[in-house]
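Welcome! Please take a moment to look over the sequence and the model, and then read on for a short tour.

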Amino acid sequence: MTQLAELDVGLVVSGHGRHYVVETPDGERLICHPRGKKSDCVVGDRVHWLPTGDGEGVIERLEPRRNLLYRQDEWKTKSFAANIDQLLVLVAANPVFSESQLARALVAADSAGIDACILLNKADLPQFDAARERLRPYAAMGIEVIETALKSQPAAAAARLAGLLDGKATLVVGPSGAGKSTLIN
């Protein structure tokens, strides 16, 4: 086994099958593969890796995780994110969001000890007041609900979210059409 002092440290920023993109402390990104047949890596893992040449590497070991999020169905459980500081559940006035999905995300975050807040997008739409009313019980429970219009008021949204997102590992989840791509872009 290679001495730990010789290993580089990186952050898993994406994963597809057994291929992981690992970001080095200086911002370089490279493809890494885990040793062995089974891989336990997920986005957010800190890993120790060795270069193998041509901008690739091999993952030797994971650092201990602060938390882990997973999803499960009747047949299996799948881990998908680790070491998250906060969960941002993005919903919109339109399309109408599922309160069941929202509640499951909030329960998962609470169970993993992760702070969560709700971002209600599309404040410029006529359906916004109805969506705000549906979120009133969550706000009453102490969950922060932030209201924005990411597409029509990008500067105001960016200013509002800067303090919330700055320096934190944030997992953004939400239904299709809520504005996740707009937020990330």
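## Before we start

Two residues are in contact here when heavy atoms of theirs lie within 4.5 Å. Please keep in mind that this is a predicted model.

## Two helices side by side

Let's begin with a pair of helices. Helix α1 covers residues 99-111 and helix α2 covers residues 128-140; they pack at an angle of about 25°, and their axes are 12 Å apart. Angles under 35 degrees count as roughly parallel, and α1 and α2 are therefore roughly parallel to each other. The crossing in which α1 passes α2 is right-handed.

Which residues meet where α1 packs on α2? From α1 come Glu99, Leu102, Ala103 and Leu106, and they meet Arg134, Leu135 and Tyr138 of α2.

## A charge over a ring

Arg134, one of the α2 residues in that contact, also has its charged end over the ring of Phe97, 4.1 Å from the ring's centre. As for pairs of aromatic rings, the structure holds 0 of them.

## Two spots in the loops

Now for the backbone. In the loop between β8 (86-92) and α1 you will find Pro95. The peptide bond joining Asn94 and Pro95 is cis, with omega at about 10°.

Another loop, between β7 (77-82) and β8, is the place of Asn83. What is the phi of Asn83? The angle is near 55°, which is a positive value in a residue other than glycine.

Methods
Residues numbered from 1 in each chain as written. Predicted model: local features only at pLDDT ≥ 70, side-chain atom pairs only at ≥ 80, totals over all residues. Heavy atoms only, no water. Axes fitted to C-alpha atoms, helices over the stretch in contact; angles between N-to-C directions. Helix = DSSP H or I, 4+ residues; strand = E, 2+ residues; numbered from the N terminus. Parallel < 35°, antiparallel > 145°, perpendicular 65-115°, else oblique. Left-handed = near helix turned anticlockwise from the far one by under 90°. Phe/Tyr/Trp six-rings, centres within 6.5 Å; stacked < 30°, edge-to-face > 60°. Lys NZ or Arg CZ within 6 Å of the ring centre and 35° of its normal.
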